[in-house]
Amino acid sequence: MAQGPIRRSDVELVRERARLDEVVGEHVTLRGAGIGSMKGLCPFHDEKTPSFHIRPQLGHWHCFGCGEGGDVIAFVQKIDHLSFVEAVEMLAAKYGVQIQYEESGKGGGDRPDFGTRRRLLDAHAIAEEYYREQLGTEAAEIGRRFLTERGFDREAAERFGVGFAPEGWDSITNVLRGRGFTEAELTASGLVSAGQRGVYDRFRGRLVWPIRDITGNTIGFGARRLLEQDKGPKYLNTPETAIYHKSSVLYGLDLARKEIATQHRVVVVEGYTDVMAAHLAGVTTAVASCGTAFGADHVKIVRRVMGDSNPSAGLRLNTDGRGLAGEVVFTFDGDAAGQKAALRAFEEDQRFVAQTYVAVEPSGMDPCELRIAQGDQAVVDLVESRRPLFEFAIRSAIAQVDLDTVEGQVTALRMAAPVVAGIRDRAMRPEYARRLAGWLGMDERTVLRAVHDAARSEGRSGGRHAETVEPPSGTRPPEEDEAPALPVPRLADVVSRRDPVGQVEVQSLAVMLQAPQLLAEAKVAALPDDAFHVLSLQGVWDVMLAAGTLLDAVTGALHPARYLEQVLEIAGETVRPLIVEIANLELPARTEPALEKLGDSLMDRLTELSITREYSVLKQRLQRTDPSDGERYQEILGRLAQVQERRRSLRGAGD
Ligand SMILES: [Zn+2]
């Protein structure tokens with residue numbers, strides 16, 4: 001570790017005073033693991049069983065999963081992305097150690113990048129205080145009314161630090177300038193926007209909620225539009241900064257952290273007012289993602305805080321009836337979009353899904369509205385009425401059908417059986433099949449057989465459960481700052497690393513997205529519209545075809561970056577994350593010629609695979625066709641010959 005300019009004896013004092021279990025405990029829920037040792041889920045790699053150990057007496061931590069380790073300073077450096085000096089300063093402040101610097105004795109304040117994070121946090125603390133004060137002013141009347149109408153009194157506003165950003169262009173800008181912040185620091189803070197004539201306030205005429213990190217530092221703001229003349233989005237958040245990363249920020253986590261760890265439950269709501277309403281109503285485990293969907297990074301954080309630990313605990317119940325592994329309860333408003341969103345959760349890590357619950361208010365109210373209409377207890381009851389996500393998804397699927405008729409029952413069974421068959425945890429399938437029988441009013445054995453058949457046909461086609469659920473069509477992409485609260489699909493869930501065909505398909509898409517200009521035009525042009533076997537990847541291919549400009553990118557007429565932009569622009573919200581992941585996939589080629597060669601062979605492999613598939617489909621069809629049906633039989637024979645010919649010529653060209 002590089003020696004900082006802080007006096008060595010002060011660094012040692014910080015190391016001595018800082019309590020490792022306390023510091024780590026702010027990020028990881030720890031439990032005893034033998035004498036003098038505690039463990040939890042590693043915050044530095046994604047894991048489901050704890051391999052992150054700390055020894056508070058020794059002041060040392062180590063992860064047996066990823067190999068990271070060190071002392072309390074190293075932990076703070078790594079978790080908060082701080083320099084050594086910054087980490088020591090932060091711990092010194094927390095544990096009341098006065099530090100002195102070796103150089104010049106003036107302190108480090110004149111070094112240019114001194115304590116960037118500290119400066120940004122200071123700017124936010126000042127801004128928060130300023131906004132809070134503004135909420136009491138005459139101009140903030142509209143903001144206070146907004147809060148009152150939603151059932152929040154003055155005390156509630158103070159508890160959550162709600163403030164008001166005045167309408168002017170340079171209110172917070174001037175406050176911060178007056179406190180010695182430079183233009184560069186203002187810009188880096190995200191509190192201002194940069195225009196042609198310099199910087200100006202980002203939040204104007206809005207109610208602002210301080211967004212805090214897990215330890216309670218304010219790192220950003222969410223701001224609600226109040227004025228009619230405000231043409232901005234309804235909610236405007238801090239942009240990505242050195243300290244604010246929306247993919248890993250959860251509003252309310254600082255307040256909910258301890259309760260989440262104690263109750264092994266987290267309630268995910270949709271907005272700032274919902275978090276407030278939930279906490280005030282007594283649901284003290286509520287959080288919300290800010291301006292983005294509840295994603296993989298949020299899952300990791302939530303797991304860590306819940307102390308989610310026992311991999312086999314998903315089915316067992318605690319004494320109070322809750323899963324040992326912890327519950328994640330999503331609240332949705334009851335409309336169809338919410339239900340479709342829920343179905344998409346099938347594409348997430350199924351162990352996470354197995355502990356995921358959905359609470360829907362029948363008349364479509366969110367927790368804030370519900371609290372106003374029916375009081376605190378109604379919010380508590382809503383959360384308690386949660387249903388397992390699987391059940392919610394299955395019941396949503398069959399809700400569209402009239403179960404009073406036999407036709408309806410059969411249709412519903414046909415819709416729901418693949419959903420049950422798609423549950424990767426086989427142990428759960430029979431139980432859900434039984435419940436499905438109950439919901440449908442059908443015989444258990446019939447339902448079990450249907451599930452079994454669906455599972456088998458799925459295995460044959462290689463399709464995945466995710467596609468057995470109708471994908472949301474025509475849903476608009478989520479608007480920035482209007483957060484739907486659901487996980488997004490990951491490539492690893494869509495195609496196994498050990499599936500050779502899937503890997504050829506993924507890599508083919510990766511080359512086409514990353515380096516189309518290296519591919520042979522004729523080969524790309526010859527790819528069939530249904531070239532992909534893995535359905536989610538075919539979904540990506542569909543989008544690429546729909547963009548209509550792949551060949552332009554191949555010939556070099558269109559810049560690859562532009563092409564990717566076009567594809568992402570038209571991609572639906574389910575496919576987009578996959579495309580982004582594939583576009584960033586690391587390919588096994590280190591040089592451009594190697595990548596060109598790889599791309600060429602991938603195009604051949606992809607074509608060959610699709611021809612082989614077509615061949616076997618035709619072959620099967622031929623076997624099923626009665627030879628006495630001469631015309632049809634001949635037609636299939638003819639097509640088989642064509643496919644064979646294509647395969648032969650491809651093999652020849654490959655030599
Ligand atoms: Zn680790």
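β4 and β5 form a hairpin with 5 residues between them, and G67 in its turn has a positive phi of about 85 degrees. This is a predicted model, in which local features need pLDDT of at least 70, side-chain atom pairs count only at pLDDT 80 or more, and totals for chains, interfaces and linings use all residues. Residues are numbered from 1 along each chain as its sequence is written, and side-chain values use heavy atoms, with hydrogens and water left out. Helices (DSSP H or I, at least four residues) and strands (E, at least two) are DSSP runs numbered from the N terminus.

**Sheet**

- An open sheet of 5 strands runs in the order β1-β2-β3-β4-β5, with antiparallel pairing. Two strands pair if DSSP finds at least two bridges between them.
- β1 (31-32) and β5 (69-70) are the edge strands; each has a single partner, so one side of each lacks a neighbour in the sheet.
- β4 and β5 pair in the antiparallel sense over 2 bridges. Within this pairing, W61 has G70 of β5 as its bridge partner.
- Strands β3 (residues 52-55) and β4 (residues 60-63) run antiparallel and are joined by 4 bridges. H53 is partnered with H62 of β4, and R55 with H60 of β4.
- The hairpin of β3 and β4 has 4 residues between the strands, and G59 there takes a positive phi near 70 degrees.
- In a regular strand the side chains alternate between the two faces of the sheet.
- Buried means under 20% relative accessible area, exposed over 50%, and partly exposed in between (1.4 Å probe, protein chains only).

**Zinc site**

- The protein donors of the zinc ion are C42 (SG), H45 (ND1), C63 (SG) and C66 (SG), at 2.1 to 2.3 Å from the ion. Donors are N, O and S atoms within 2.8 Å of the metal (3.2 Å for Na, K and Ca); water is not among the atoms, so sites may look incomplete.
- The donor spacing in sequence is C-x2-H-x17-C-x2-C.
- The 4 donor atoms subtend angles of 103 to 119 degrees, so the arrangement is tetrahedral (four donors, all angles between 85 and 135 degrees).
- C63 is buried because its relative accessibility is 0%, whereas C66 is partly exposed at 32%.

**Second largest pocket**

- This pocket has a volume of about 860 Å³. On a 1 Å grid over the protein atoms alone, a pocket is an open set of points with protein on both sides within 12 Å along at least five of seven lines; lining residues have an atom within 4 Å of a point. A volume is the space filled by probe spheres set on the points, which are joined across faces, edges and corners.
- It is lined by 32 residues, and I79, H81, S248, I301 and R304 are the closest to its centre.
- α3 (72-80), α5 (116-134) and α12 (296-306) each give two or more residues to the lining. α12 gives the most, with 5 residues.
- 9 of the 11 residues of α12 are buried, so this helix is largely enclosed by the rest of the structure. Among the buried ones are H298, I301 and R304.

**Cavities**

- There are 3 cavities of 30 Å³ or more. A cavity is a set of grid points where a 1.4 Å probe fits but cannot get out.
- The largest cavity holds about 70 Å³ of space.
- L82, E86, E89, M90, R117, R118 and L121 line the largest cavity.
- α4 (84-94) and α5 each supply at least two residues of that lining.

Note on methods: Four donors count as tetrahedral if all angles lie between 85 and 135 degrees; four count as square planar and six as octahedral if opposite donors are over 155 degrees apart and all others between 65 and 115; anything else is irregular.
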